Amino acid sequence: MIAFERVTKRFGSWTAVNDVSLTVGEGEFLVLIGSSGSGKSTLLRMMNRLIVPESGSIRVEGTDIAALRPEELRRRMGYVIQSVGLFPHWTVERNIATVPVLLGWPKARVRDRVTELLELLNLDPRRFRSAYPHQLSGGQQQRVGVARALAAEPRVLLMDEPFSALDPITRGALQGELAAIHRDTGTTVVFVTHDMDEALTLADRIAVMDHGRLVQTATPLEILTHPAGDVVRDLVGREDWGLKRLSVETVGQRARPEPTIPGAPFPSAAPLHRALSEMVARGTDRLPVMDEGGRPAGVLHLADLVRGPATSP
Ligand SMILES: Nc1ncnc2c1ncn2[C@@H]1O[C@H](COP(=O)(O)OP(=O)(O)OP(=O)(O)O)[C@@H](O)[C@H]1O
C-alpha cells in the first residue's frame, strides 16, 4: 500500500529522516513512535507530500508519489493533526464536507455523509451539525477533525499525535472509536505518537524511530518480548512492563474452555490487564468469560495471566 525505499530528508545539515525503508500493508494500523525530534512527523508528512525527501522513493498503491499532484494525493488521504485545524468560521457540517464539496459530490450525498460521520463519532447530528468549532470541547473538535479526514472515504488515514492534547478519558474513548472505524472500514492508518500505551493499544505493527532511523518494526507483542535494544526498552518502560505485556493479549486468548461459573461474565475481547483489575476488584481468582455474541466462552484463571511466552524487560 505505502512503500518507503531508502528515504532520506535533511533540513540544512540536520538529517531528520535517515535512509528509511518501510512498508505499510493494505488495511494495516501502523504506529510510528519515538522520542521528540526522532523524525516521526517528517516521515508522516512525506506520505502526503507536505515534505519532499532528498532521496529515495515513496510509492502509494504502486505509484511513485513524486509523479502525482499533491492536491490529488491529499484528497485520497485523510490527515488529522493534534491542533485539529478546523476552519473557525465554518459550521461543523461545512468543515466535515470540505473534501466532498471539492470533489463535487451532490448536496444530498454530502449531507448524508456528514450525518453518517457525526453518528460514527458519537456526535448528535441535531446538536452539532450547525455548531461552530469554538462551541465544541477539545474532544468534540478532535472528533470533527477525524470525521473531516474520513469524509471522502480515503483509503489512507494519516494521524499526527491526534489525541495527545486530550484528557485520558476522552482520549480512551477516541482510541476506541478509531479502532472500531479501522476494523469496520479497513482503512490503512499511519498514526504518530510518543505514548507507548497508545501504540500498544492501537497498532497492528509499531515502527520505532530514533535519530531519524528506523530501529525496529514489529508487532506490539514482539516489541515487548523482543525489544531491539535499549532505545526500544526505554520507550516501553521497565517499571510496569508486566501490565503492558498483559495489555497486548486478550482474555479469549488465555481463557480455558471450561463450563462457565457464576458471576457477571467478562468479555473475551478485553485485554488481560483489565481482567486482572477486575479480579482484584471482585476479590476472585476466576472470571466467567463471554464472547461477542454474549455466549459463554470458558473461564479465565488468575494463573493463566502468568503463563505464556517468555518475558524480557
Ligand atoms: N522545517 C524544518 N526545518 C528545520 N528543521 C526541521 C524542520 N522540520 C523538522 N525539523 C527537525 O527535524 C527533526 C525531526 O522532526 P520531526 O518533527 O519529524 O520529529 P518528531 O519525531 O515528530 O518530534 P515530536 O515528537 O517532537 O513532534 C527535529 O530535529 C526537527 O527540529
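Select strand β3 (residues 29-34) together with strand β8 (residues 188-193): the two pair in the parallel sense over five bridges. Strands here are DSSP runs of E with at least two residues, helices are runs of H or I with at least four residues, and both are numbered from the N terminus. Two strands pair if DSSP finds at least two bridges between them. This is a predicted model, in which local features need pLDDT of at least 70 and side-chain atom pairs count only at pLDDT 80 or more, while totals for chains, interfaces and linings use all residues. Residues are numbered from 1 along each chain as its sequence is written.

Are the residues of β3 buried or exposed? Six of the six are buried, so the strand is largely enclosed by the rest of the structure. A residue counts as buried if 20 or more other C-beta atoms, placed from the backbone, lie within 10 Å of its own, as exposed if 12 or fewer do, and as partly exposed in between. Colour F29, V31 and I33 on one side of β3, then L30, L32 and G34 on the other; both faces are covered.

Next, display the ligand. Its shell consists of F11, W14, A16, G34, S36, G37, S38, G39, K40, S41, T42 and H194, each having its C-beta atom, placed from the backbone, within 6 Å of the ligand. Which elements supply at least two residues each? They are β2 (14-24) and α1 (40-47), and α1 gives the most, with three residues. By class, the shell has three nonpolar, eight polar and one charged residues; Ala, Val, Leu, Ile, Met, Phe, Trp, Tyr, Cys and Pro count as nonpolar, Asp, Glu, Lys and Arg as charged, and the others, Gly among them, as polar.

From β2, move to the open sheet of four strands, whose order is β2-β1-β4-β5 with antiparallel pairing. β2 and β5 (63-64) stand at the edges with a single partner strand each, so one side of each has no neighbour in the sheet. Strand β4 (residues 55-60) pairs with β5 over two antiparallel bridges; select V60 to find its bridge partner in β5, T63.

Now select residues 2-236, which the unreviewed UniProt entry annotates as "domain: ABC transporter". Over this range the chain is 40% helix and 27% strand, and the end C-alpha atoms are 26 Å apart.

Continue to another open sheet, of three strands in the order β11-β12-β13 with mixed pairing. β11 (266-267) and β13 (296-301) form its edges, each with a single partner strand, so one side of each is left without a neighbour in the sheet. Strand β12 (residues 286-290) pairs with β13 in the antiparallel sense over four bridges, and L287 has L300 as its bridge partner in β13.

Finish at E258, in the loop between α13 (251-254) and β11. With 14 C-beta neighbours inside 10 Å, E258 counts as partly exposed. E258 and G298 are 40 residues apart in sequence, yet 4.7 Å apart in space, C-alpha to C-alpha.

Terms used:
UniProt positions are given in the numbering used here, feature names are shortened, and annotations may be inferred rather than shown by experiment.
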